[in-house]
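Q: I would like a close look at one part of this protein. Please keep to what can be read from the coordinates.

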Amino acid sequence: MPEVRVDPLTGLKAIMAGERAQRPGGGFTVAPSAPVDPETDPFLEGHEDHTPPELWALRPDGGAPDGPGWLVRAVPNLYPALVPEARDPEPDAHPDLFTAQPASGAHEVIVNAPEPVSTLCQLSPEQLATALDGWRERMRAHAGAHCLHLIVNERREAGASLPHTHAQLYAFDFVPAGVARERERFAAYATRTMGGNLLGDLLQEEVRRRERVVAIDDEAVLLAPYASRLPFQLMLVPRRPRARFEDDGATGAALLHDGLLRLSRRLGGSPPLNLWVRTAPRGADHFCWRIDVMPRLTHLAGLEVGTGVYLCIHPPERAAADLREA
């Protein structure tokens, strides 16, 4: 029978309706993605002149900026959503009805590897670990932001405009409402439990129950979240709660790589997906970072877009069991 679940971290509701997977077109298979064309790939090593001048690069053997020899490379986004010197919008005559503010901040691209591959799971575990270290380095460069949001979009169906694997980092001068809501839920939980960590305690209970755990290693635990919004959603949580991903400590890179490979094996190919790093925003006295992975295997329709209530047709217990065997 369908049931409505509440996400303990966000408060958002999702309907679990596994029976709907039996309807026509309800299966889960993924066609292989097209290979990256080296001729038109602006992120390929040797094509550094195809991007804006680099902000940072990891060059273990040295070398000049904007040349080859890098492992991870960050550049300004060519079409930024946020800019450092944003202008104030013209005030409206009815500010109670029409309010705008400058889109100030930073928006940059982090190229995860010099090779022309389209997904994180095509990197070696060592390359992915290096990419995550690069993400942290760029997040530290924007430590003064109110909120940092790092994303990876894979395949055009999930919003990727260029196929070569890359991340995007947004440095906001405000805390988005969804992140602020999570901050408030962490704080309220800490108050109710005399200092408990919401995600840390959730992780302990999930490990005790085991029904939604996909895999565990020394650094992190990979889960199918209790109130998964979409089929095969994953959440990577550090075994020891830590507020900010960008601080020193484990990144969970090996387990993330393992989880992405499991998705690819179970689905017959690497799916379109959105990945994001949730790190503590400004004002969060109680928090724990995590990495969310959202495969885009079903379409968002009127229910999701109109109400914010997601319909998940492959419950997380079933997804976790599938991925444990993948």
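Which residues does E154 touch, not counting residues up to four places away in sequence?

A: This is a predicted model, in which local features need pLDDT of at least 70, side-chain atom pairs count only at pLDDT 80 or more, and totals for chains, interfaces and linings use all residues. Residues are numbered from 1 along each chain as its sequence is written, and side-chain values use heavy atoms, with hydrogens and water left out.

With residues up to four places away in sequence set aside, E154 touches S118, T119, L120, A160, S270, P271, P272 and L273; contact means heavy atoms within 4.5 Å. For one of these, L120, the backbone nitrogen lies 2.8 Å from a polar atom of the E154 side chain.

E154 is buried, that is, under 20% relative accessible area with a 1.4 Å probe, protein chains only. Even so, E154 has no salt bridge, defined as a side-chain nitrogen of Lys or Arg within 4 Å of a carboxyl oxygen of Asp or Glu. The nearest side chain of opposite charge is R155, 7.8 Å away; here Lys and Arg count as positive and Asp and Glu as negative, while His and the chain ends are not counted.

E154 belongs to strand β6, residues 147-154; strands are DSSP runs of E, at least two residues, numbered from the N terminus. An open sheet of 10 strands includes β6, in the order β3-β4-β5-β7-β6-β11-β12-β10-β9-β8, with antiparallel pairing. Two strands pair if DSSP finds at least two bridges between them. The edge strands, β3 (56-58) and β8 (213-216), each pair on one side only.

How values were computed
Helix = DSSP H or I, 4+ residues; strand = E, 2+ residues; numbered from the N terminus. Buried < 20%, exposed > 50% of the residue type's maximum accessible area, 1.4 Å probe, protein only. Polar contact = N/O pair within 3.5 Å; in protein donor to acceptor, adjacent residues only side chain to side chain.
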